[in-house]
Amino acid sequence: MRLGVLDVGSNTVHLLVVDAHHGARPLPAHSHKAELRLAQLLDDSGAIGDDGIGKLIDVVREALQAAEDKGVVDLVPFATSAVREASNADDVLARVEDETGVRLQVLTGEEEARLTFLAVRRWFGWSAGKLLVLDIGGGSLEIAFGIDEEPDAAVSLPLGAGRLTAGWLHGDPPAPEDVRALRRHVRAQIACSVGEFSRFGAPDHVVATSKTFKQLARIAGAARSAEGLYVQRELKRESLEAWVPRLSGMSAEQRSELPGVSDGRAGQLLAGALVAEGAMDLFGVESLEICPWALREGVILRHLDHMDAD
């Protein structure tokens, strides 16, 4: 069966098409992305304006056409923090459905963390033992921990790279005092959640997902994406700590020239690095491994599980 998952995120709207059947891993067949940056289209009241809703509708229509072109027979559409936290979320969802026929399922932050954890568990298997999983999105940071397919603890914090960049880092490059203020804010937020996880003991394997972590690992020396999914990619805290001050002194254009960093993500890479550094430090993580599967794969896997159960 050819499945499609439509992810309306804080940074991008991403259609992932996979070929899947019972007992096999989903094989990616097509990817269609549009950088919409919904998190940055919120007005002062926290609402997505008419222009932003119109752009979202256009992008969803494009994704539907791409899904049809690629022979998708089952589409799973969902939205994350940008839509979830918009003050006019109900209106946004209603207009998207009225004009495209797509009913977006809005995931809670905890659901995001749990589904990402499921994807990581399936990728690494049971031999990975107790997993600590970190995922930095555009609007939120998800953290999950456990030994089974369902984590024992899962939280979502409002520490997405796009959200923090828009709210805290206004210069290009940002002022040093703004960087320090954001660093304090990030660490205070993460520190409040550490106790919830420490009672489960130390993880056997620490894993990170998301474009932010992949780019940070790449500039720290990890293999290029062209070398394939199965090459092990790590990010060491020591390397990240050396890169943070360098990133803080760079403009977005200078960051975009770093290996693996896209123009669209360069502006928010510093905020993402501060979150990654804070999480690794406060959780006592010296090194973590990058997982190529994340939330979208978790949604697909859960959907297949439900189909098998039926």
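Biologist: Which residues are exposed on the other side of α3?
Modeller: In this predicted model, D90 and D98 are the exposed ones there.

Biologist: And which residues of α3 are buried?
Modeller: Those are A89, V92, L93, V96 and T100. Looking down the axis of α3, you would find its buried residues within an arc of 95°, so they line one face of the helix.

Biologist: Why would residues three or four places apart point the same way?
Modeller: An α-helix has 3.6 residues a turn, so residues three or four places apart end up pointing the same way.

Biologist: Nice! What do the buried residues of α3 pack against?
Modeller: They pack against α1 (50-69), α2 (81-84) and β5 (105-106).

Biologist: How many residues does α3 have, and what comes after the helix?
Modeller: Helix α3 has 12 residues, 89-100. From first C-alpha to last, α3 reaches 16 Å, close to the 16 Å expected at 1.5 Å a residue. Next comes G101, with a positive phi near 85°.

Biologist: New topic: where is S251?
Modeller: S251 sits in the loop between α8 (237-248) and α9 (252-256).

Biologist: Is S251 buried or exposed?
Modeller: Buried, because its relative accessibility is 15% and the cut-off for buried is under 20%.

Biologist: What does S251 touch?
Modeller: Leaving aside residues up to four places away in sequence, S251 touches D172 and P173.

Biologist: Last one: which residues form the nonpolar patch on the surface?
Modeller: M1, V73 and M307 do, and together they have about 280 Å² of accessible area. M1 lies in the segment before β1 (2-8) and is partly exposed, with a relative accessible area of 47%.

How values were computed
Residues numbered from 1 in each chain as written. Predicted model: local features only at pLDDT ≥ 70, side-chain atom pairs only at ≥ 80, totals over all residues. Heavy atoms only, no water. Helix = DSSP H or I, 4+ residues; strand = E, 2+ residues; numbered from the N terminus. Expected span 1.5 Å × (residues − 1). Buried < 20%, exposed > 50% of the residue type's maximum accessible area, 1.4 Å probe, protein only. Arc of directions from axis to C-beta. Contact = heavy atoms within 4.5 Å. Patch = residues over 30% accessible without salt bridge, like charges linked within 9 Å, V, L, I, M, F, W, Y side chains within 5 Å. Areas by Shrake-Rupley, 256 points an atom, 1.4 Å probe, with all protein chains shown as cover. Salt bridge = Lys/Arg side-chain N within 4 Å of Asp/Glu carboxyl O.
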